[in-house]
Amino acid sequence: MAGLIALSKALHFGLLHPRVQQWVWQRGWSTLHDIQDALIPAVLDGGTDVLVAAATPAGRTAAAFLPICSELAEPAGPGVRALYIGPLEALINDRFHRVDELCEALEIPAHRWHGDVSGTREQAVPRAPSGILLITPESLEAMFVLWGKRIRSIFAALRYVVIDELHSFLGTERGSQLLSQLHRLETTLKRRVPRIGLSATLGNMSVRPDDGDRVTVLKSRAIGQDLRLRLRSSIDDKAGRIGPPPSVAALRQRLECSGSRDEPAVLRVGCSAVRSDAQTPPLDRLHLPLVQTIASIELLFQRWCEPPEPARLHLSALIQQLLSLVAQHGGVHPVEAYRVLCGQGSPFSSVTAEQFAELLRVLSSQDVLTQAGDGDLSLGGHGEATVNDHGFFAAFQAPEEYRVVHPEVRRRMRAFLEDDHTPGYADAQTRVLVEQARRAYAAFRLDEAPLLADGADTLLFPWTGDRQLNTLAVILCATGMNASADGAALRIVGTTRPEALTAVDAVACGPVPEPGEIARKVKNKATRKFDNWLSEDLLCEQYASTSLDCAGAVEAARILVREVHI
C-alpha cells in the first residue's frame, strides 16, 4: 500500500527509544506510515517547527507521539512536557485513548482538560504538572486566567506543542486566540518551544506568524484510509432542521474520530429538504443545502480542503487576549501588553501602536479596563464581570463549526446541478431530491443565465463564496439597492431582472471599491463577541479586514454579467 514502509526497512525506526520500539512490536505493527518514519528525526532534533500533512488521522497522531514519547521516556522534573491542542472535545478524547496506551506502557502521565472532564482531574494538572496535556484553546484560556501566576512552573519543562487539525484554526478568531496563547506562553518561558502542526492538507500554512525558514515540511504519499459513507435525506416541512456541513474541513474533522489504523472510517451524513412542487419558491425547489452537502463530500473524496484564511484584523479576539493577560498577571503596563500581544511572533503584530492606544481608550471609557497612577492596567467593573463569566474563555460568539462557504464549494454545486451523475452513497430519497433539483435548475434555465425572478424580487447566482457574495450585496446596497445574500443566491428586493442586471453591470464596470469606505456604509458590523466595545473606526477596520472581499465581489459581478450576455 502506498505510503507504508516495512519496519525492517524504516530508516529512522531505530532512533526511537527502545521501550517505544518494543511497544510498536507488541502492538503487532509490521509497517510504519511514511510520515511516521520521516517525522522521527525532525521531532527528535527539536531545532525547527514541523508541518505534517497526511490523509490518515491515526498516522498523523502516531507520527507525532512516537518520537515525542521517545524524548519523554526518561524521568524528568515536574512540569507539563508536551502540550497537545485539538479543536474538538471528541477529537481530544479520541487522541487521548490512542496516546494513553503508549503513555501507560512508558509510565508517562497523560491528562485531558476540557469541558467534559471533571474539575478534580483538571485541577490535578496545575497542582502536579507532568507528562502530556491534551486540551482545547478554551480550556487553555481558562488555565491562563485561573492559574496565571503558576503558568511558568506548570510549563517549565515543556518540550513540544502539537496542534492538531491545524487548517481548522488558521485565519479564524479561534486561531488568533490559539497563536496568541502560544506566543504568551513562550514569552512567559522566555524561550521558543517547537511546534508540530498536523493537518490533512498543507496549502499556505504555518504554525507561527513569523516561522520563516525555521520549519520542516513533511507530506505523506498515502492516500488515506478506506471510507464508508452514506448520505440520507428526509423531507421536513419546517425546513433546514439538518443543514449542510459548514465546510469540507468540518467533514474531515468528523472523520478524525472514526476508524483506526486497520479499520475503515465511517461517515454518515444527513440532510433535510422541504416538500417541493410547482408552487414552491425557487430556492427551495433547487434543494441547495443538499447540493452543497454533496459538493462538499465530493471535494472531500478528492482530498480538497478549504485553504487557510489569510491573517486578518481580529480586534475582538485581541480584546479577549488583553483581558486574559491582565487577569493572568493581576495587572499589566500598556507598553508590556502591546509587546506581548502585538509584538513579533504574535497574530496581532499588524495592530499599530496607535490602534492599540485607541483600543485602550475605548475600553477604559466603558469601565472594561482601568489605569492606576503608575500606568498599570487592571480590570474595570465590566471587565471583571466578563472575565469571571465561564463563556469568556471562547474567543468566538458563533457556533464553533461556523465557517463561510468557500467559492470552490459553490462552483462544485453548479457543476453538480449541470451533471447527470448521482453518487452511489446517496439513498433513495436523496436520489429523488437530486433529480428534482436538476429539473428545477434546467426549468429555470440557470445554465444559460444565472438569474431568475422570484415574485417581485430577482435572484442572482454568482456561484461564489459567502464573503464575496455578502460583499457584493453590501456594494449594491451602497448604490441604493435592497440586496442581501440568500443562501447561495443574491436576492435584490423589489427589482426586475433588467434593473438587477443594470445594477450588477455598474459594479462590474466600475473600479474596485475601497473596503474601509464600504465598511462605513454597513449598519450592523458588530457581529463578533466583543465588537460592542470597539469604536466606529476600529470596527470599520476590523470589518473591512475580516468580512469584505471587494476585489472578489467585483470579479463575481463581471463573470455574472458576462454569462448573461453570452
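Here are some questions and answers on a few spots in this predicted model.

User: What ground rules apply to the numbering and values here?
Analyst: Residues are numbered from 1 along each chain as its sequence is written, and side-chain values use heavy atoms, with hydrogens and water left out. As this is a predicted model, local features need pLDDT of at least 70 and side-chain atom pairs count only at pLDDT 80 or more, while totals for chains, interfaces and linings use all residues.

User: At what angle do helix α6 and helix α8 pack?
Analyst: Helices here are DSSP runs of H or I with at least four residues, strands are E runs of at least two, and both are numbered from the N terminus. Axes are lines fitted to C-alpha atoms, for helices over the stretch in contact, and angles run from 0 to 180 degrees between N-to-C directions. For α6 (residues 137-146) and α8 (residues 173-189), the axes sit 10 Å apart and the angle is about 40°.

User: Which residues of α8 make the contact with α6?
Analyst: Contact means heavy atoms within 4.5 Å. On the α6 side you get P137, E138, L140, E141 and F144. Facing them from α8 are R174, Q177, Q181, R184 and L185.

User: Is E138 buried or exposed?
Analyst: E138 lies in helix α6, and beyond four places in sequence it is in contact with R174, Q177, F393, A394 and F396. Buried means under 20% relative accessible area, exposed over 50%, and partly exposed in between (1.4 Å probe, protein chains only). At 14% relative accessibility, E138 counts as buried.

User: Which strands stand at the edges of the open sheet?
Analyst: The sheet has 4 strands in the order β14-β15-β17-β16, with antiparallel pairing; two strands pair if DSSP finds at least two bridges between them. An edge strand has a single partner, so one side of it is left without a neighbour in the sheet. That describes β14 (451-454) and β16 (483-486).

User: Which strands does helix α19 touch?
Analyst: Helix α19 (residues 497-509) packs on the sheet, and its direction makes about 50° with that of β15. The strands touched by α19 are β14, β15 and β17.

User: How far apart in space are Q542 and G516?
Analyst: Q542 lies in helix α21 (residues 536-546) and is buried, with a relative accessible area of 1%. Among the residues Q542 touches are L313, H314 and D531. Q542 and G516 are 26 residues apart in sequence, and their C-alpha to C-alpha separation is 9.2 Å.
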